[in-house]
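Have the coordinates open and follow along.

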Amino acid sequence: MSILSFKGGVHPHNDGKALSKTRPIEDFEPKGEIVIPLSQHIGTPAAPVVKPGDKVLVNQKIGESSGFISANVHSSVSGTVKKIEARRMASGNKVMCVVIDNDNRYNECPITDFRKASEMSDKEKLELIKEAGIVGMGGAGFPSHVKLSPQNKEDIEYIIVNGAECEPYLTSDYRRMIENPEYLLEGLRIVLSMFKKAKGIIAIEDNKLDAVIKLKKLLHHDKDIEVRTLFTKYPQGGERALIYAVTGRKINSSMLPADVKCIVHNVDTIFAIRNAVINKKPLVTRIVTVTGDAVKRPQNYKVPIGTNIRELVEAAGGFKKAPEKIISGGPMMGTAIYNLDAPIVKGTSSILAFTKDEVRDSEPSSCINCGRCVSVCPGRVVPARLSVMAEHGDKEAFIKNNGMECCECGCCSYICPAKRNLTQAIKSMRQDILAERKGGK
Amino acid sequence: MSDLLNVSSNPHVRDKRTTSSIMLSVILALIPATAFGIYNFGYKALVLVAVCIVSSVLFEGIYEYLMKQKITVKDLSAAVTGLLIALNLPHDFPIWMAVLGCGFGIIVVKQVFGGIGQNFMNPALGARCFLILSFGTKMTVFTYDGVTGATPLKQLKDTGAVDSLKSMFIGTTAGTIGETSVIAILIGAIYLLGKGIIDFRIPFTYIISFAVFIGIFGEGGFNPEFIAAHLCGGGLMLGAFFMATDYVTSPITKVGRIVFGILLGILTGVFRVFGPSAEGVSFAIIFCNLLVPIIERVTMPTAFGCKSRYLGRFKKEGN
């Protein structure tokens, strides 16, 4: 089958996947205090349902979803609730967190629900997914039950599993697909069972052909699921680029995938859905790649949500050289963190530690109008012009020139020979405008 | 480990290519043409090239120093400008005039408007046009092998006779230092295209539209020999691959670049066929440089998933 792709994008010079690609997923059990944020998703934060002094078990609900776009939060360890207070996240925001004193016993909540997935109605499955607090695990953190209940439910034609993992260095989704491909198919079938017309597509970049082959072998001649190979290019795993590559349909910033009859889920999200529906377990762990040239033993870990990043890095052997920069997420879209004391959340796909900060080493100079940003922009806007409008604070011109269509993928800043911080300028302006719109203007 | 780590907005990795590495590639790409010019015209060409590069870099550095700005000569753009100015001069052009031209190009055309990235006109061509208008006779009298004579293009215009195409292609004719050898220019151009430094859209549309124009309006009609002589003659090749593709003074949009190239082809044709001078490339390019803002404005791309603005924007695509 042909290799699918989109227009624009970049090939980062060092994809760094070799560091952790061959490292199997290792269970990590933190010893220290666990900090579980009540807001790990887009939407209203969950309301705490425990109070300091309460004993909690693994999988016990500690935060109750409060609103339609919201998600439950569960404890990933057993122990005692120490306090509920605002803590600093990797993103820099302060968020209310449930701080748990880990007793290191990992006693689990007893399971009382023994229904089989095949006997459940769509509504019951959706209820389980909602109850499990599953959110998009690619980073955005959109509550999955909301994604799975679009208005045009009957029309959905494709459930796309995003296995592109186009960010350099990340290997968590890859390890998932390689180690338990059968779970991925089970999870996807559960989702498919909820949409009568839908067909499953697992889209994987061609640098992970072994995963493609494994999945294809498992599928035999099944007609309901297809594995598609994507050209390795960033941001192939971006929702808009992915839908276009797989189906040829285009969506803009004001549309949802459901508008073109698609629903896109990350690989890890599908695993979480399977775990929720079959095992009746909530989302309390995720796969995190700990890597980068500063890390002694790059590794993929299965990590309880709320684990301190410092503890996880120490598990990977600590640093072999002092890092200049640490990133939560991928190098293209991740967030740089100024210290390690932040928790792993549902959307943390990796912790990267670099000995050299490429951004600090490259000083911005004047734009030479070379047009590289225009060539790489998957949103087909003109980043060089938008960034000037953003710097001048010209909102009207920014909107008129499609500034809101930017997906903040970072390709323009990456490619810019003058090392201008195009993405940063555009991103700030977008957030300003979005905040203004939200403010009821 | 220090307490606080570096933070910055995404992305956290950057491409290796920089403004100076691009400029260096352009200089490398101009080496065949320069070397051939020196071989063809002798040591005087070498002196001129050296003088132009050094004086351009100095003008930029001194201006920025006096204006208390950051010195940007390290980006090599002034060196490229100097080299291009030299390649656009006859080899026996007076040195002081060449220095004056470099001063005009760097200070008046480039620095006064804000330095690199801000000039609205190609500095090298600005300098060339300044010199043509100021010292016309010196700029248009060419000697070759000790004999003062017409360039093949001038001869073509005056008599309609096509000079040896082979010598035009190789470059053993009269002309400015860098424009005579088509093959040397093409070697550099292929290097730049291959490295992705220049976009094929501008030179290709320029050359094709010019050839079509000459075919229709030229005195030779659709005579392949006549068209080929026009393509190989004068500054067309140098202009198409090295001057029209100057990033700063060409459109940033892809469609804009095609429009730009076509306009260049037509204007060059008009100047060459109907104008008093045999040359037309320099003026065509600087005129089109002035049109770049408006070309960009009308060729802004349609954002992904959005309807073309001519059909109304932001409307959801029909299901």
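Before we start, a quick definition: two strands pair if DSSP finds at least two bridges between them. Also keep in mind that this is a predicted model.

Q: In E8(A), what is the bridge partner of A:Val35?
A: Start with the strands: E2(A) pairs with strand E8 (residues 94–102) of chain A in the antiparallel sense, over 4 bridges. One of the bridge partners in E8(A) is A:Ile100, which goes with A:Ile34. For A:Val35, the partner in E8(A) is A:Val99.

Q: In E5(A), what is the bridge partner of A:Ala47?
A: Chain A also has an open antiparallel sheet of 3 strands, ordered E3-E5-E6. Strand E3 (47–48) and strand E6 (73–74) are at its edges, each with a single partner strand, so each has one side without a neighbour in the sheet. E3(A) pairs with strand E5 (residues 61–64) in the antiparallel sense over 2 bridges. In E5(A), A:Ala47 has as its bridge partner A:Glu64.

Q: How far apart are the end C-alpha atoms of helix H5 (residues 181–193) of chain A?
A: Work out what to expect: at 1.5 Å a residue, its 13 residues should span 18 Å. The model agrees with that, since the end C-alpha atoms are apart by 18 Å.

Q: How many residues of helix H3 (residues 77–87) of chain B are buried?
A: Buried here takes 20 or more other C-beta atoms within 10 Å of a residue's own. The cover over the buried residues of H3(B) includes helix H1 (19–41), H2, helix H4 (95–110), helix H5 (123–134) and helix H12 (236–243) of chain B. The buried residues include B:Ser77, B:Gly82 and B:Leu87. The count is 11 of 11.

Q: Is B:Ala50 buried, partly exposed or exposed?
A: B:Ala50 sits in helix H2 (residues 43–66) of chain B. Across 32 residues of sequence, B:Gly82 is 8.6 Å away from B:Ala50, C-alpha to C-alpha. Because B:Ala50 has 13 C-beta neighbours inside 10 Å, it counts as partly exposed.

Q: What is the handedness of the crossing of H10(B) and H13(B)?
A: Helix H10 (residues 201–217) and helix H13 (residues 254–274) of chain B pack with their axes 7 Å apart, at an angle of about 35°. Their contact involves, among others, B:Phe210 and B:Phe213 of H10(B) and B:Gly261 and B:Gly265 of H13(B). By type, the contact residues are 14 nonpolar, 6 polar and 3 charged. The crossing itself is right-handed.

Q: How many residues of chain B touching chain A are nonpolar?
A: Between the chains, 39 residues of chain B are in contact with 58 residues of chain A. On the chain B side, 12 are polar and 10 are charged, and the nonpolar ones number 17.

How values were computed: Residues numbered from 1 in each chain as written. Chains lettered and ligands numbered in written order. Predicted model: local features only at pLDDT ≥ 70, side-chain atom pairs only at ≥ 80, totals over all residues. Contact = placed C-beta atoms within 7 Å. Nonpolar A, V, L, I, M, F, W, Y, C, P; charged D, E, K, R; others polar. Buried ≥ 20, exposed ≤ 12 C-beta atoms within 10 Å, placed from the backbone. Axes fitted to C-alpha atoms, helices over the stretch in contact; angles between N-to-C directions. Left-handed = near helix turned anticlockwise from the far one by under 90°. Expected span 1.5 Å × (residues − 1).
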